[in-house]
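I opened this notebook to record what I looked up in the coordinates, entry by entry. My notes follow the order in which I went through the model.

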Amino acid sequence: MRQAALFASLLAAGCAMADGSDPEIVDARYETPLDTYPHRIMGGIREQAVLVAVDGSGRDYRVDLRDTGSNVFEDIAPRVVDADGDGQRDVVVVETSMTEGAQLAVYGLRHGRLVKTAATPHIGERFRWLAPVAVADLDGNGITDIAYVDRPHLAKTLLVWSYAPGGLTRIASLGDVTNHRIGDEVIWGGLRDCGAGPEMVLADAAFSRVVLVRLTGDGLERRDTGLPATPQGFDRTLDCQD
């Protein structure tokens with residue numbers, strides 16, 4: 001009975017599990033649309049104030065950026081994935097400073113609280129955005145990598161960061177690719193593995209053809225699929241039909 005009461009009190013307080021571990025995140029969502037940062041790069045999808053992570057029991061854990069400063073979540077949807085390789089799922093988001101632009105941020109549960117555990121630097125200028133591509137071990141070295149397109153409408157540069165000890169470290173970049181057009185409510189492409197290892201699916205800089213990018217020991221290698229950068233072209237490439 002005392003153990004049951006202790007477990008109930010821990011849940012009520014929003015603390016870690018009784019054995020000292022945190023519960024597993026199984027889902028995440030954004031809440032509270034805002035009008036304070038009128039970028040509107042994602043069409044009708046507005047910036048959000050609140051990130052909610054949900055554990056396996058259905059319990060919610062919230063971060064409200066209005067409590068901590070002038071950032072917003074400027075994103076299509078949060079991604080639930082093990083970003084740091086510790087075996088527990090995290091939430092990967094696009095978080096934007098109203099003065100310094102976007103960054104890719106990782107949130108996780110720590111002692112029963114949802115907190116930011118790692119992030120790339122902000123781009124450095126207001127109304128500058130990034131579009132995530134993949135969170136995976138892209139080169140097979142056992143370390144999780146995080147890839148996104150920096151300013152997909154301007155710089156059109158793929159950046160890859162490795163989640164090594166000490167946090168995120170930038171390891172590779174490639175220009176003349178993109179995965180988003182102004183006003184689109186979807187980030188195109190993503191990640192596939194057709195039997196020869198992970199490949200990132202993107203569009204060329206003109207958004208006319210689908211391209212594949214692979215991370216190797218020598219850096220990023222690009223290959224043109226010849227397929228058009230249309231919904232059908234992306235679907236075929238992701239289904240290994242190129």
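In which sense do β16 and strand β17 (residues 219–228) pair, and over how many bridges? I find that they pair in the antiparallel sense over seven bridges, where two strands count as paired if DSSP finds at least two bridges between them. I took the strands (E, at least two residues) and the helices (H or I, at least four residues) as DSSP runs, numbered from the N terminus.

Before going on, I note that this is a predicted model, in which local features need pLDDT of at least 70 and side-chain atom pairs count only at pLDDT 80 or more, while totals for chains, interfaces and linings use all residues. Residues are numbered from 1 along each chain as its sequence is written, and side-chain values use heavy atoms, with hydrogens and water left out.

I looked at the links on both sides of β16. A hairpin of two residues leads from β16 to β17, and within that pairing R222 in β17 is the bridge partner of V213.

I then looked up V210, which lies in β16 (residues 209–216) and stands opposite A203. V210 has 0% relative accessibility and therefore counts as buried, the classes being buried under 20% relative accessible area, exposed over 50% and partly exposed in between, with a 1.4 Å probe and protein chains only. Leaving aside neighbours within four places in sequence, I list among the contacts of V210 the residues V201, L202, L227, P228 and F234, a contact being heavy atoms within 4.5 Å.

**Entry: the disulfide**

I searched for pairs of cysteine sulfur atoms within 2.5 Å, the rule for a disulfide, and the count comes to one. C194 and C240 form this disulfide with their sulfur atoms 1.9 Å apart, and the link is left-handed, with -90° about the S-S bond. C194 lies in the loop between β14 (190–193) and β15 (198–204) and C240 in the segment after α2 (231–238), so the pair ties together parts that are 46 residues apart in sequence. Both ends are partly exposed, C194 at 36% and C240 at 34%.

**Entry: D22**

Which side chain of opposite charge is nearest to D22, and how far away is it? It is R110, at 5.5 Å, and D22 is buried yet has no salt bridge, which would need a side-chain nitrogen of Lys or Arg within 4 Å of a carboxyl oxygen of Asp or Glu. D22 sits in the loop between α1 (2–13) and β1 (25–33). I noted that its side chain reaches the backbone nitrogen of H111 at 3.0 Å, and that a polar atom of the D22 side chain lies 2.7 Å from the backbone nitrogen of G112.

**Entry: positive phi**

Most residues other than glycine have a negative phi. I therefore logged R151, which has a positive phi of about 50° and is partly exposed at 28%; R151 lies in the loop between β10 (145–150) and β11 (157–164). D176, with a phi near 65°, lies in the loop between β12 (167–175) and β13 (177–178) and is exposed at 52%.

Terms used
Lys and Arg count as positive and Asp and Glu as negative; His and the chain ends are not counted. A polar contact is a pair of N or O atoms within 3.5 Å; within protein, one must be able to donate a hydrogen and the other to accept it, and residues adjacent in sequence count only if both atoms are side-chain atoms.
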